[in-house]
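Hello,

Here is the structure I promised to pass on to you.

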Amino acid sequence: MEFTNGCSPEQKQDEFETRRPKTESLEGTGLSCVISTYGPHQRAQKTGDILLGGLFPMHFGVASKDQDLAARPESTECVRYNFRGFRWLQAMIFAIEEVNNSSTLLPNITLGYRIFDTCNTVSKALEATLSFVAQNKIDSLNLDEFCNCTDHIPSTIAVVGASGSAVSTAVANLLGLFYIPQISYASSSRLLSNKNQFKSFMRTIPTDEHQATAMADIIDYFQWNWVIAVASDDEYGRPGIEKFEKEMEERDICIHLNELISQYLEEWQIRGLVDRIENSSAKVIVVFASGPDVEPLIKEMVKRNISDRIWLASEAWATSSLIAKPEYLDVVAGTIGFALRAGEIPGFKDFLQVVTPKQSSYNEFVREFWEETFNCYLEDSQRLKDSENGSTSFRPMCTGEEDIMGAETPYLDYTHLRISYNVYVAVYSIAQALQDILTCTPGRGLFANNSCADIRKIEAWQVLKQLRHLNFSNSLGEKVHFDENADLPGSYTIINWQRSPEHGSVAFEEVGFYNMRAKRGVQLFIENTKILWNGYDTEVPFSNCSEECEPGTRKGIIESMPTCCFECTECSEGEYSDHKDASICTKCPNDSWNTTEEVRCSTAAHAFKVAAKATLRQSNASRKRSSSAGGSGNSTPSSSISLKTNGNDSDSPVGQRRIHKPRVSFESGTVTLSLSFDESRHNSLK
């Protein structure tokens with residue numbers, strides 16, 4: 001099949017075997033085909049008939065650097081390598097290679113890719129996204145300087161990424177202008193479901209709309225009513241905690257502190273936050289944030305050894321390798337987290353293990369991965385040159401033939417593939433949409449007059465249209481269908497952070513699940529017996545503003561305090577409460593009084609009615625017996641009711657009341673009712 005939107009097969013070469021200018025003539029073809037190097041220098045890239053873009057956080061952030069503009073500004077340096085981010089990138093490459101090797105999915109069509117590092121920041125992500133846009137044929141942008149063969153450029157027809165919601169929001173605003181489909185694998189902000197604003201955004205992760213409800217349900221389940229809420233100061237944390245606050249209000253649960261955090265906060269700001277947490281009586285801390293944003297807070301908590309708190313973690317950090325470290329376990333053990341469902345990717349384990357810098361010329365991230373894993377420098381490494389200049393620390397040399405299986409790295413943690421599986425599903429969704437275009441029958445297509453798109457001239461907006469109508473079963477037999485908000489429905493696994501008895505590392509114990517598709521009220525399931533609180537305790541911690549009020553008392557308002565904070569006040573004379581945490585005491589009826597414990601009322605009139613009815617029945621029965629005996633001269637047994645007070649009451653200690661239950665006795669047809677109660681109350685009944 002001949003493609004007019006890409007170079008012919010004989011023109012394809014790995015871009016990183018040799019660096020070329022932005023445009024380069026190909027001899028003997030009569031064309032000037034672009035091999036693009038536009039965008040960030042470090043990338044993973046292979047050409048193909050159709051190109052997919054990728055955005056992954058290969059680093060956790062950027063180095064802070066003041067630009068005084070005395071000279072041309074330098075590119076911001078990315079810092080702190082993200083091993084899990086590299087595994088996610090590898091999942092995209094693995095899925096693309098699987099599709100390319102398939103004889104049934106997109107036969108005779110090769111998918112290529114261009115993957116960049118977002119460094120977990122908006123600026124780096126936009127720099128990479130501009131390179132995707134620049135490749136596409138967009139008349140309004142006059143991109144001829146990049147494209148000498150406009151009709152033959154392999155356009156980026158879809159982008160997989162990004163990770164964080166803040167980054168994806170910025171990327172979505174740009175890609176949406178040109179209807180380039182974007183499928184995120186980890187951005188869960190509910191704001192991204194707004195299709196009026198984010199026209200081409202889709203995702204394979206559930207939206208936070210359900211997670212906030214799930215968190216409130218867990219707090220309600222454990223009967224906590226006094227918590228601390230912490231959120232990242234971005235498009236992920238703010239909407240998430242806002243929804244959480246509404247859910248808490250509906251349940252009459254109080255938030256004592258409400259704080260915003262960021263990995264870029266100053267140290268004094270972090271110390272102030274921890275001061276407020278330490279002084280709070282709330283023991284449960286709910287956190288809507290990513291691992292990099294949570295880390296400074298956890299470090300300060302560890303420094304102060306504040307280990308009596310329970311953390312409730314959103315999915316963005318529930319399994320974060322930044323936080324799930326043995327040295328933090330004294331503080332974070334017992335954490336309850338919402339983890340994404342795990343999936344299986346057959347063959348992926350072997351793929352991860354065969355990575356080597358010598359056989360990965362198409363993937364420049366492999367070299368940095370190798371150097372970070374073995375704490376060394378490869379030959380001709382840019383980082384080695386920086387070390388010689390004194391800008392980085394010294395490391396020994398490595399050959400590139402070290403044993404990756406002997407290294408301890410989160411990269412090889414494939415026991416629970418969550419984000420990696422979402423990446424895998426995203427790639428296959430795009431491939432299936434292209435397959436639907438390839439096999440479309442004229443007259444039954446999605447476009448004007450039921451026409452079909454031409455796979456040889458495919459454009460991004462056509463792929464977006466096809467993705468919106470996607471409905472297929474993946475290799476695991478799971479249905480893949482995006483809803484009206486371009487979201488995939490899903491569920492959460494509830495995990496508990498425990499200390500592994502084998503080597504002291506963090507173990508994620510599955511203790512329940514949250515099913516979004518179930519009816520409200522039955523969505524949450526938790527196995528209490530599996531949970532270890534603070535690492536070792538099986539008793540549910542207490543996180544309430546006040547102790548519960550016992551029967552016989554009511555909750556009293558404490559001025560200037562939330563409704564969750566109250567004092568327990570005994571019920572007044574003539575009032576009672578028969579259950580815990582009663583808001584009011586109920587007034588006894590006029591013909592009754594409360595007992596010593598003020599938990600119920602006793603009614604004298606009721607006792608007299610019972611006795612009277614019994615007397616009447618016995619009297620009638622006696623008359624009937626007398627009549628049946630022929631009317632003897634014996635008189636009818638008398639019936640009487642007498643009220644007696646206990647004469648021993650005066651012997652009771654001052655202030656002590658003696659209460660006895662009414663006693664009804666029958667003697668020779670006479671009913672005697674004996675009652676004993678307070679003399680003062682007796683007099684009041686006269």
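How many salt bridges does a search of the whole structure find? The search finds 26, where a salt bridge is a side-chain nitrogen of Lys or Arg within 4 Å of a carboxyl oxygen of Asp or Glu.

Before the details, a word on the ground rules. This is a predicted model, in which local features need pLDDT of at least 70 and side-chain atom pairs count only at pLDDT 80 or more, while totals for chains, interfaces and linings use all residues. Residues are numbered from 1 along each chain as its sequence is written, and side-chain values use heavy atoms, with hydrogens and water left out.

**Salt bridges**

E209 pairs with R190, with the closest N and O atoms 4.0 Å apart. This pair links distant parts of the chain: E209 sits in helix α4 (residues 208–221), R190 in the loop between β7 (182–184) and β8 (201–203), and 19 residues separate them. Helices (H or I, at least four residues) and strands (E, at least two) are DSSP runs, numbered from the N terminus. E209 is partly exposed at 31% relative accessibility, and R190 is partly exposed at 21%; here buried means under 20% relative accessible area, exposed over 50%, and partly exposed in between (1.4 Å probe, protein chains only).

D308 and K283 also meet through their side chains, at 3.0 Å from N to O. Here too the pair links distant parts of the chain, 25 residues apart: D308 is in the loop between α7 (291–304) and β12 (310–313), and K283 in the loop between α6 (267–279) and β11 (284–288). D308 has a relative accessible area of 38%, which makes it partly exposed, and K283 is partly exposed at 25%. Salt bridges that share partners join R190, E209, D217, E242, K243, K246, E247, R251 and R520 into one network.

A further salt bridge joins D233 to R238, at 2.7 Å from N to O. D233 is partly exposed at 44%, and R238 is partly exposed at 35%.

**Strands**

β11 and β12 run parallel and are joined by 4 bridges; two strands pair if DSSP finds at least two bridges between them. I285 is placed opposite W311 in β12. Going from β11 through α7 to β12, the chain makes a right-handed β-α-β crossover, meaning that, with the strands pointing away from the viewer, the path from the first strand over the helix to the second runs clockwise.

Which way do the residues of β12 point? I310 and L312 point one way, W311 and A313 the other way, and all are buried. β12 also runs parallel to strand β13 (residues 336–340), with 2 bridges between them, and A313 stands opposite G337 there.

Further along, strands β16 (residues 491–499) and β17 (residues 506–515) run antiparallel, joined by 9 bridges. Y492 has Y514 in β17 as its bridge partner. The two strands form a hairpin with 6 residues between them, and G504 in the turn has a positive phi of about 75°. β17 is in turn joined by 3 bridges to strand β18 (residues 524–526), again antiparallel, and F513 has F525 in β18 as its bridge partner.

**Backbone points to check**

Most residues other than glycine have a negative phi, and most peptide bonds are trans. The peptide bond from G161 to A162 is cis, with omega near 0°, and A162 lies in the loop between β6 (156–160) and α3 (165–175).

N449 is not a glycine, yet has a positive phi of about 60°. N449 belongs to the loop between α12 (419–438) and α13 (460–468) and is exposed at 77% relative accessibility. A486 has a positive phi too, near 65°. A486 is in the loop between β15 (479–480) and β16, and is buried at 7%.

**One more contact**

Q353, in helix α9 (residues 348–353), is partly exposed at 22%. Q353 and Y411 are 58 residues apart in sequence and 9.5 Å apart in space, C-alpha to C-alpha.

Best wishes
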